[in-house]
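Subject: Handover of a protein structure

Dear colleague,

Please find below the structure that I am passing on to you.

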Amino acid sequence: MKRRAMVLAGAAVAGLIAIAALAQKQDGEARVDGVTFLGEPVTATEIALGQDLYAANCASCHGASLEGQPDWRRRRNNGRLPAPPHDETGHTWHHSDQDLFKITRSGVEAVVPDYESDMPAFEGILTDAEIRAVLAHIKSTWPERERAVQAKITANDEGGS
Ligand code: HEC
């Protein structure tokens, strides 16, 4: 009886895991549905690629969970800022897709001339498609509200800088 109960419990757990996997998949697909880059839809494959590229190229400064560096709002003694989070607690979502792309490709100086920053330029390290994938991954982690606000900022930046 005890054994049978364990088998049943095991089956129930397996069932739950299957349901969780399914829910995650659906959630993942739904999230992808809501994620765009420069108004273009983004695929699940791109986001998965972006996640790997993020871990390899960005996580060392911006954090494995996009949490940023400790005390990221306080300028260091050399006058430079630490790496901010890329999740909704930071201000990445305050920037248009256009600016996020420029910052990642060419550094913060690309949007703020003569600005000194520890943010490296990824031109020559990541292709434009890879930069797009990394940013799509970052965007896919934002809650609906932040994503909607950022979509408006991006739309208003059209034809601009
Ligand atoms: C060597 C550390 C380092 C690495 C690696 C790094 N960053 Fe940064 N990043 C920074 C710092 C520091 C800042 C803040 C710059 C400032 O404002 O002076 C920053 C800022 C940014 C910003 C602007 C955010 C905002 O809210 O203003 C974006 C976008 C960004 N990084 C994207 C990336 C991406 C994408 C990667 C990986 C492809 C990456 N960074 C890798 C250090 C890094």
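With 11 C-beta neighbours inside 10 Å, S60 counts as exposed, because 12 or fewer such neighbours place a residue in that class. S60 belongs to helix α3. In space, the C-alpha atoms of S60 and A83 are 9.7 Å apart, although 23 residues separate the two in sequence.

Please keep in mind that this is a predicted model. The mean pLDDT of the protein is 87, and 81% of its residues reach 70 or more. Residues 22-31 have a pLDDT below 50, and this stretch makes three contacts in the model beyond near neighbours in sequence. Where pLDDT is low, the predicted coordinates should not be read in detail.

Overall arrangement

How many helices and strands does the protein have? It has six helices and two strands. Along the sequence they follow the pattern α-β-β-α-α-α-α-α. Of the 161 residues in the protein, 23% are buried. Among contacts between residues at least 6 apart in sequence, 52% join residues at least 24 apart.

Helix α5 covers residues 128-140, 13 residues in total. From its first C-alpha to its last it reaches 18 Å, close to the 18 Å expected at 1.5 Å a residue. Is α5 largely enclosed or largely open? Ten of its 13 residues are buried, so α5 is largely enclosed by the rest of the structure. The buried residues include I131, R132, H137 and K139. V134, L135, A136 and I138 are also among the buried residues of α5.

Leaving aside residues up to four places away in sequence, Y54 touches A59, V134, H137 and I138. Of these, V134, H137 and I138 are buried residues of α5.

As background for reading any such helix, an α-helix has 3.6 residues a turn, so residues three or four places apart point the same way.

The surroundings of the ligand

Which residues come nearest to the ligand? Of the 24 residues around the ligand, they are C58, C61, A83, S117 and M119. By class, this shell has 13 nonpolar, nine polar and two charged residues. Helices α3 (59-62) and α4 (97-106) each supply at least two residues of the shell.

Q69 lies in the loop between α3 and α4. Not counting residues up to four places away in sequence, Q69 touches C61, P82 and A83. Q69 is partly exposed, with 16 other C-beta atoms within 10 Å. The C-alpha atoms of Q69 and P85 are 7.1 Å apart in space, while the two residues are 16 apart in sequence.

V108 is in the loop between α4 and α5. With the same exclusion of residues up to four places away, V108 touches I103, Y115, S117 and M119. The C-alpha atoms of V108 and M119 are separated by 6.8 Å, and the two residues are eleven apart along the chain. V108 has 18 C-beta neighbours inside 10 Å and counts as partly exposed.

Two residues with positive phi

Two further loop residues deserve a look at their backbone angles. L38 is found in the loop between β1 (36-37) and β2 (40-41). Phi of L38 is near 50°, a positive value in a residue other than glycine. L38 counts as partly exposed, with 16 C-beta neighbours inside 10 Å.

D114 has its place in the loop between α4 and α5. Its phi is positive, about 65°, although D114 is not a glycine. Is D114 buried or exposed? With 5 C-beta neighbours inside 10 Å, D114 counts as exposed.

Yours sincerely,
A colleague

How values were computed: Residues are numbered from 1 along each chain as its sequence is written. This is a predicted model: local features need pLDDT of at least 70, side-chain atom pairs count only at pLDDT 80 or more; totals for chains, interfaces and linings use all residues. A residue is near a molecule or strand if its C-beta atom, placed from the backbone, lies within 6 Å of it. Helices (H or I, at least four residues) and strands (E, at least two) are DSSP runs, numbered from the N terminus. Ala, Val, Leu, Ile, Met, Phe, Trp, Tyr, Cys and Pro count as nonpolar, Asp, Glu, Lys and Arg as charged, and the others, Gly among them, as polar. The expected span of a helix is 1.5 Å times one less than its number of residues. A residue is buried if 20 or more other C-beta atoms lie within 10 Å of its own, exposed if 12 or fewer, and partly exposed in between; C-beta atoms are placed from the backbone. Two residues are in contact if their C-beta atoms, placed from the backbone, lie within 7 Å. pLDDT is the predictor's confidence in each residue, from 0 to 100.
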